[in-house]
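Subject: Model for you to look over

Hello,

Here is the model I promised to pass on. Please open it next to this note. My findings follow below.

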Amino acid sequence: MTGPLQDSVRERLEGELTQPLASLGLDVEAVEITPAGKRRILRVAVDKDGGVTMDDVADATREVNRVLDTSDVMGEQPYTLEVTSRGVDRPLTLPRHWRRNASRLVKVTPHEGGPFTGRIVGSDEDGATLDVSGKERRLVYADVKRALVQIEFNRPGSADGDADEEGDA
């Protein structure tokens, strides 16, 4: 299944999952449907302030299953469900992504000018402030073409020096 039909199924799924997962304190970050032979893989990525735990993923999986059991959105074709955390490899596209990644190092590619890397020191609904080589730089989200969190193994401020906080989901 590709194209407009897949997009409409994905959009309908996202619409049906948003409120039930919000009741668990979770945001739906992505819904992806990928063909896998005679089956499909349905991936639902969730996130929340403070990060997602294994218990959150388990609760979300039960809730997604409950919603899908009462819906015909996936049709008759078999599928495998995967519920996961947002992950560090997804671009920062919404204000909440910037807020949830405060103090993280981010590589930004603006619409105009060259890419740069800075540490998020603050954010609001319109933009973020980054520390770029010791100088604060205000960035308006509308000016960002792409922004990705950078993996740091000895991130400043982390209790154990391990920056891979996403690994618990």
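Which residues of α2 are buried? They are D56, V57, A60, E63, V64, V67 and L68. Buried means under 20% relative accessible area, exposed over 50%, and partly exposed in between, with a 1.4 Å probe and protein chains only.

Some ground rules before the rest. This is a predicted model, in which local features need pLDDT of at least 70 and side-chain atom pairs count only at pLDDT 80 or more, while totals for chains, interfaces and linings use all residues. Residues are numbered from 1 along each chain as its sequence is written, and side-chain values use heavy atoms, with hydrogens and water left out. Helices (H or I, at least four residues) and strands (E, at least two) are DSSP runs, numbered from the N terminus.

Helix α2

Down the axis of α2, the buried residues fall within an arc of 135°, so they line one face of the helix. The arc is taken from the directions from the helix axis to the C-beta atoms. The face turned away from the buried side carries the exposed residues M54, D55, R62 and D69.

Nonpolar cores

A nonpolar core here is a set of buried Ala, Val, Leu, Ile, Met, Phe, Trp, Tyr and Cys residues joined through side-chain atoms within 4.5 Å. The largest has 21 residues. L13, L21, L42, V44 and V83 have the most contacts inside it. At least two residues each come from α1 (4-22), β1 (27-36), β2 (39-47), α2 and β3 (79-85). Helix α2 gives the most, with five. Another core, of 15 residues, lies apart from it, with V88, W98, F116 and L130 among them.

Leaving aside residues up to four places away in sequence, L42 touches L13, V31, E32, I33, L68, M74, Y79, T80, L81 and E82.

Rings and charges

How many aromatic pairs are there? The count comes to one. Rings of Phe, Tyr and Trp (its six-membered ring) pair if their centres lie within 6.5 Å; planes under 30 degrees apart count as stacked, over 60 as edge-to-face, and the rest as tilted. The rings of W98 and Y141 have centres 5.5 Å apart and planes at 35°, so the pair is tilted. W98 sits in helix α3, and Y141 in the loop between β7 and β8 (144-149), 43 residues apart. W98 is buried at 1% relative accessibility, and Y141 is buried at 15%.

The charged end of R137 sits over the ring of F116, 3.7 Å from its centre. The rule asks for NZ of Lys or CZ of Arg within 6 Å of the ring centre and within 35 degrees of the ring normal.

R99 is also in helix α3. R99 is partly exposed, at 41%. Beyond residues up to four places away in sequence, R99 touches D49 and S123.

Two positive phi values

Most residues other than glycine have a negative phi. S103 has a phi near 75° and lies in the loop between α3 (95-100) and β4 (105-110). S133 has a phi of about 55° and lies in the loop between β6 (127-132) and β7 (135-140). S103 is partly exposed at 30%, whereas S133 is exposed at 76%.

Best wishes

Terms used: Contact means heavy atoms within 4.5 Å.
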